[in-house]
Amino acid sequence: MAIRETLSLAPGLSLAHTADGRRAVTGRLSLILPPVSPGVTAVLDALAAGGQTLDELAELAGHGGLTDAAHFHSLLAALRAHGAVARSLHLDGVLIARLSPEGTVSNRGSPRADARYQLSRFAFSRRVDEGSMLETPLSLSRVWMPTWHGPALLGALSTSRNSVEFAKVIPGIPGELTSVFLRMLLEAGVLVEVGAEGAPIEPEALVPWEFHDLLFHGWTRWGRHETGYGGATFRFRGKRPQPGRKPPPSGEPLRLERPDLSAVVQRDAPFTEVLERRRTVRNQGERPVTRAALGELLYRAVGLRHADLADRDQKEARPYPSGGAIYETEVYVLVHRCEGLEPGLYAYRLEEHALYRVQARPEQLERMLKLAAAGMIRTVYPQVVVVLTACFERMTWKYETMAYAAMLKHVGVIFQTLYLVATAMGLAPCALGSGAADLFARATGIDPLVEGSVGEFALGTRADAVSP
């Protein structure tokens, strides 16, 4: 069986000519190369074409003498340092795996014969381009595997093995190939060494991290994406209609009292005083919050202000900021005890400053209240729970990569706004650190992939004061 390890420019990169006749690497990187001889230029073209081993490229560079060979090796080291060089592993002419660095790389060395390795708990694979992509948030490199060989070998690394054991684990796959593949995985950062006691050896900084948290953190920031970081790309413009506001719910609206903001300004404590008094209040009073107080809170914290923003795709403003003025967040109110409102779930229609009753399963709403109480470390249900949902496509229609992260940031600014308004009004606010998106979906019948709950906020009167 013929094993070949070849070099090429990483996917998404190509060579181009500059105006002064030099060569440049273009794509997700932009690198202007120094002037080189025609011989080195030919070697760079061979690297861009791919299919040559390091020895073959070095031999080609050597045809131009020692100077060309030195220039090529210097350029190759620089390209590797910038993550511009991919390595491909072939078996009898068939591509088995390709290691693609996506940024500045560091040399993790070769597998040691006396060491045992297994897949890192942060490693994962997904389908990409008719193959499997193996990656980890710990590294900017990834390994693409278009055939069955790579995934089969990965299965063997679910338990720790040394290089000798790994070479024999899959019949029909030669040891020379497994050796190169193991080195690729180590360089990609998807392997972890296992100590003598059988526990993976991880850096101390990784101990508090969970897989999903580190993955989310890395993938919603710059630098982790083959095609670059997608911000406001408007990727669905011309492909899908731009999502607008939801139609009014069925049923009769329950009008809420709109507060006189000029009177509120005179009544409220100064901003700095409110900011300094803001606290999470888990103990709620016996007297329920009133419909008027709930209406004031909703209007002041999340209500519509005006709907004519110049030079904006969206024509809406609320008291809190939203990326692109999109305002993908919808507001629901789960009422347990509120003077002037029957218990149940309501959708807040900010255009009308009104509530609409949502037909929901009572046992599911009961479960939501129970979970909210647990989130407050209490057994007594909160008087009211404000449920924030996101209409996902409003954001993903315009934004790419960062869309969901932005939605969660919006939840944060809404929480702070609710806190400050509730504090100014003398109410008991309590943001909840967890919620049940699936439970909300079952209770309401709303498709959770279209609109799902992303935040919950408990509200009631204070035990030590009388609410407005």
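**Reading strands, helices and salt bridges**

Q: When I look at strand S20 (residues 427-432), how many of its residues are buried?
A: Strand S20 is mostly covered, for five of its six residues are buried, where buried means under 20% relative accessible area, exposed over 50% and partly exposed in between, with a 1.4 Å probe and protein chains only. Strands (E, at least two residues) and helices (H or I, at least four) are DSSP runs numbered from the N terminus. This is a predicted model, in which local features need pLDDT of at least 70 and side-chain atom pairs count only at pLDDT 80 or more, while totals for chains, interfaces and linings use all residues. Residues are numbered from 1 along each chain as its sequence is written, and side-chain values use heavy atoms, with hydrogens and water left out.

Q: Which strand is joined to S20 by bridges, and where does S20 stand in its sheet?
A: Two strands pair if DSSP finds at least two bridges between them. Here six bridges join S20 to strand S21 (residues 451-461), and the two run antiparallel; Leu427, for example, has Thr461 in S21 as its bridge partner. S20 belongs to an open sheet of seven strands with antiparallel pairing, in the order S13-S18-S17-S15-S19-S21-S20. Strand S13 (254-255) and S20 stand at the edges with a single partner strand each, so one side of each is left without a neighbour in the sheet. Elsewhere in this sheet, strand S15 (residues 329-335) and strand S17 (residues 344-349) run antiparallel and are joined by five bridges, with Val333 opposite Tyr346 in S17.

Q: Which strands does helix H13 (residues 403-425) lie across?
A: Such a packing is read from contact (heavy atoms within 4.5 Å) and from axes, which are lines fitted to C-alpha atoms, for helices over the stretch in contact, with angles from 0 to 180 degrees between N-to-C directions. Helix H13 lies across S15, strand S19 (384-391), S20 and S21, and runs at about 15° to S21.

Q: What is the order of the strands in the open sheet that contains S5 and S9?
A: This open sheet of seven strands has the order S5-S1-S6-S7-S11-S10-S9, again with antiparallel pairing. Strand S5 (52-53) and strand S9 (124-128) are at its edges, each with a single partner strand, so one side of each is left without a neighbour in the sheet. Five bridges join S9 to strand S10 (residues 131-135), and Phe124 stands opposite Glu135 in S10. Helix H7 lies across S9, S10 and strand S11 (141-145), running at about 50° to S9.

Q: How many salt bridges does the structure hold, and which parts of the chain does the pair of Glu451 and Lys246 link?
A: A salt bridge is a side-chain nitrogen of Lys or Arg within 4 Å of a carboxyl oxygen of Asp or Glu, and the structure holds 25 of them. One of them joins Glu451 and Lys246 at 2.8 Å, N to O; this pair links distant parts of the chain, with Glu451 in strand S21 and Lys246 in the loop between H7 and S13, 205 residues apart. Glu451 is buried at 4% relative accessibility, whereas Lys246 is partly exposed at 27%.
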